[in-house]
Amino acid sequence: MHSFQVNDLTCGHCVATVEKAVKGVDADAIVKIDLATHKVDIESRKPVSQFAQAIESAGYTGNWWVSGDTRGALMPLALGT
Ligand SMILES: [Cu+2]
């Protein structure tokens, strides 16, 4: 499970755009978007960086977090810019 905090997620249109970006990376991904908390949860085997890049390419900024270890701690993802 990849969890993202997407900053500029403000309406249904944003949700649709982010969802499309996610599905563009993995058509089989299960994506849950909570508009109120700007939280995007993605269930997929594809690497988290691909989703982060796709969402950024769609025009959104965010905090990209990855579960870093077996304790499930979330670590910031460093994207090559
Ligand atoms: Cu919007």
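In helix α1, the buried residues are Val 18, Ala 21 and Val 22. They span an arc of only 100 degrees around the axis, so they sit on the same side of α1. An α-helix has 3.6 residues a turn, so residues three or four places apart point the same way. The opposite face of α1, turned away from the buried side, carries exposed residues: Gly 12, His 13, Ala 16 and Lys 20. This is a predicted model.

What covers the buried residues of α1? The cover includes β1 (2-6), β2 (30-34), β3 (39-43) and α2. The length of α1 fits expectation. Its 14 residues (12-25) should span 20 Å at 1.5 Å a residue, and the end C-alpha atoms are 20 Å apart, which agrees.

**Overall layout**

The chain holds 2 helices and 5 strands. From the N terminus, the order is β-α-β-β-α-β-β. Of the 81 residues, 19% are buried. Among contacts with a separation of 6 or more, 55% join residues 24 or more positions apart.

Helix α2 covers residues 48-57. Its buried residues are Phe 51, Ala 52 and Ile 55. Seen down the axis of α2, these fall within an arc of 100 degrees, so they line one face of the helix. Gly 59 follows α2 and has a positive phi, near 105 degrees.

Ala 54 also belongs to α2. The residues Ala 21 and Val 22 are themselves buried in α1. Ala 54 and Ala 21 lie 33 residues apart along the chain, yet their C-alpha atoms are separated by 5.6 Å.

**The core**

The largest nonpolar core has 14 residues. Which of them touch the most other members? They are Phe 4, Val 6, Val 18, Val 40 and Ile 55. The elements giving two or more residues to this core are β1, α1, β3 and α2.

Val 18 shows how the parts meet. Beyond its neighbours within four places in sequence, Val 18 is in contact with Val 6, Leu 9, Ile 33, Val 40, Ile 55, Ala 58 and Tyr 60. Three of these partners, Val 6, Val 40 and Ile 55, are named with Val 18 among the core residues that touch the most other members.

**Strand pairing around β3**

Strand β3 pairs with both β1 and β2. Both pairings are antiparallel. β3 has two faces: Val 40 and Ile 42 are covered, whereas Lys 39, Asp 41 and Glu 43 are uncovered. The table sets out residues that stand opposite each other.

| Residue | Opposite residue in β3 |
|---|---|
| Phe 4 | Val 40 |
| Val 31 | Ile 42 |
| Lys 32 | Asp 41 |

The pairing of β1 with β3 runs over 4 bridges, and that of β2 with β3 over 5 bridges. Val 40, opposite Phe 4, lies on the covered face of β3. So does Ile 42, which stands opposite Val 31. Asp 41, opposite Lys 32, is on the uncovered face. The hairpin of β2 and β3 has 4 residues between the strands, and His 38 takes a positive phi there, near 65 degrees.

Asn 63 is found in strand β4 (residues 62-67). With 14 C-beta neighbours inside 10 Å, Asn 63 counts as partly exposed. Asn 63 and Gln 5 are 58 residues apart in sequence, but 5.1 Å apart in space, C-alpha to C-alpha.

**Confidence**

The chain averages a pLDDT of 84, and 79% of the residues score at least 70. Where is confidence lowest, and where is it highest? Strand β5 (residues 74-76) is lowest, at a mean of 62, and α1 is highest, at 96. Where pLDDT is low, the predicted coordinates should not be read in detail.

Notes. Residues are numbered from 1 along each chain as its sequence is written. This is a predicted model: local features need pLDDT of at least 70, side-chain atom pairs count only at pLDDT 80 or more; totals for chains, interfaces and linings use all residues. The expected span of a helix is 1.5 Å times one less than its number of residues. A residue is buried if 20 or more other C-beta atoms lie within 10 Å of its own, exposed if 12 or fewer, and partly exposed in between; C-beta atoms are placed from the backbone. The arc is that of the directions from the helix axis to the C-beta atoms. Two residues are in contact if their C-beta atoms, placed from the backbone, lie within 7 Å. A nonpolar core is a set of buried Ala, Val, Leu, Ile, Met, Phe, Trp, Tyr and Cys residues joined through C-beta atoms within 7 Å. Two strands pair if DSSP finds at least two bridges between them. pLDDT is the predictor's confidence in each residue, from 0 to 100.
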